[in-house]
Amino acid sequence: MKGTMKAIAKQKAAPGATLVEVPIPQIGNGELLVQVRGASICGTDVHIYEWDEWAQSRIKPPLVTGHECCGHIVEIGPGVTGFAEGDLVSLESHIPCGLCAVCRTGLQHICTNLKILGVDTPGVYADYVKIPAICAWKHDPKMPIEIATVFEPMGNAVYASLCEPISGCSVAIMGCGPVGLFATMVCRAAGAGPIYAVDIDANRLEMARSFGAHETLDAKNGEEAIRRMLAGTGGDGVDVVLEMSGAPSAIRTGFKVLRKGGRFTAFGLPSKPVEIDFNNDIIFKGARVIGINGREMFQTWYKMAGLVRSGTLDPRPVITHTFALTEFDRAMTTMRSREGKVGKVMLIP
Ligand SMILES: [Zn+2]
Ligand SMILES: [Zn+2]
C-alpha cells in the first residue's frame, strides 16, 4: 500500500514521544499489513516513553513504538496462506526466527534471535503495522475490538496462571497492574482459591477484589500480609505465587508465603538484580520457579481463545481508559499518574 500514515514514534534519544507522519510499511514475503483498530499501553512502553536505562540500552530511534494491538488485514505478502483481507487479527509481539534450536524444540516465544514488535521492529502505535504471518492470530469476525486489543497482555496472565494446574490451589498475586488484574480473573475463573491480591495501591486492590480476589492485602505492610496469608492456609503458605510486580520486596514476600513444594511464577521485571535467600526460599523449600516471558506460541493463545469463547473470561473491565492515538501524551500521563482506578489504557488510531 502506498502513502503515509500517522504514528507515535520515539524520534530521538530522550524522554517523550512524537506524533509523526511516516510511510506506510511495505510488506515482503510471509508478511501481512494490518490496519490497527485498537492498541494498548504496556509497562514496556512506559519505560520507552520515560527513556530509562533499559530503554536507552535497547531502543534505536527513530522507531514507531507499541506492541499490543488488533486490526484488520489489508494486504497479504507472497507466500502467505490461511489469511484473507479483512480478517481480524491480534498480534503476537514476540517475533521468532523459527530456525534456532530453541524455536525448533517448541519454545519460539523465547527464540535465541527473538525480535520484539515496537522494540526491535516498527510497532503498532500507527494506522498500519506489518507483521510476519506467523505472529498473527485470527479471530472470529464478531470478536469485540476491545477484547482482541488486549489478547497479547492477557496472554501473559493466562500463561503465568495456567502453565500448571491451578484449580483448587491457593494463590498469591503479587502486583495488581493490568496483567495482575487479568491473572486475578483467570485464577478465579479456573477455580483457584483463596486468591490473595497484594499491592501498594488501594485502587488496584479494589479492582482486584471486584475481579475475583478473595482477600486483598496492602504490600506496604509486608509482615501483616505474610501473617494473613500463612493464617489463611493453615500455616503452610500458598500453593502458587504469581509475581507480577518485579518489586524486590514483593519477590521476597512471595517466597516467604510459598508453601513447600509450591510454584513460584516469575513475570514482573526487577530493574536490577535481586537478592533472595536461595537456601531457604528455593532449595529447602523444594520450590519450582517458572519464568514467564511472553506467551507460549501458540498453546496460550488457543487456551485464551477458548476461555473467551466459552464466556469464562472477559477482559474488558480491566480497560479503564480509552484515548485517540493522537492523544498519546494524555494517555501516558493517565497511565503514569495512576490516579483513581487505572487498569489497561487503550488507544484508537
Ligand atoms: Zn507488553
Ligand atoms: Zn529462533
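Mentor: Helices (H or I, at least four residues) and strands (E, at least two) are DSSP runs numbered from the N terminus. By that count the chain has 12 helices and 18 strands. Its radius of gyration, taken over C-alpha atoms, is 20 Å, close to the 20 Å of the globule rule for 349 residues, so the chain is as compact as a globular protein of that length; the rule is 2.2 Å times the number of residues to the power 0.38. The model is predicted: local features need pLDDT of at least 70 and side-chain atom pairs pLDDT 80 or more, while totals for chains, interfaces and linings use all residues. Residues are numbered from 1 along each chain as its sequence is written, with chains lettered from A and ligands numbered from 1 in the order written.

Buried residues (20 or more other C-beta atoms within 10 Å of their own, C-beta atoms being placed from the backbone) make up 47% of the 349. A nonpolar core is a set of buried Ala, Val, Leu, Ile, Met, Phe, Trp, Tyr and Cys residues joined through C-beta atoms within 7 Å. The largest has 103 residues, and Val171, Ile173 and Tyr196 have the most contacts inside it. This core draws at least three residues from each of domain 1 (4–150 + 315–348) and domain 2 (157–291), bounds that come from an automatic or database assignment. Contact means C-beta atoms within 7 Å. Leaving out residues up to four places away in sequence, Tyr196 touches Val171, Ala172, Ile173, Ala213, Glu215, Leu217, Met229 and Val238.

Terms used
A residue is buried if 20 or more other C-beta atoms lie within 10 Å of its own, exposed if 12 or fewer, and partly exposed in between; C-beta atoms are placed from the backbone. Two residues are in contact if their C-beta atoms, placed from the backbone, lie within 7 Å.
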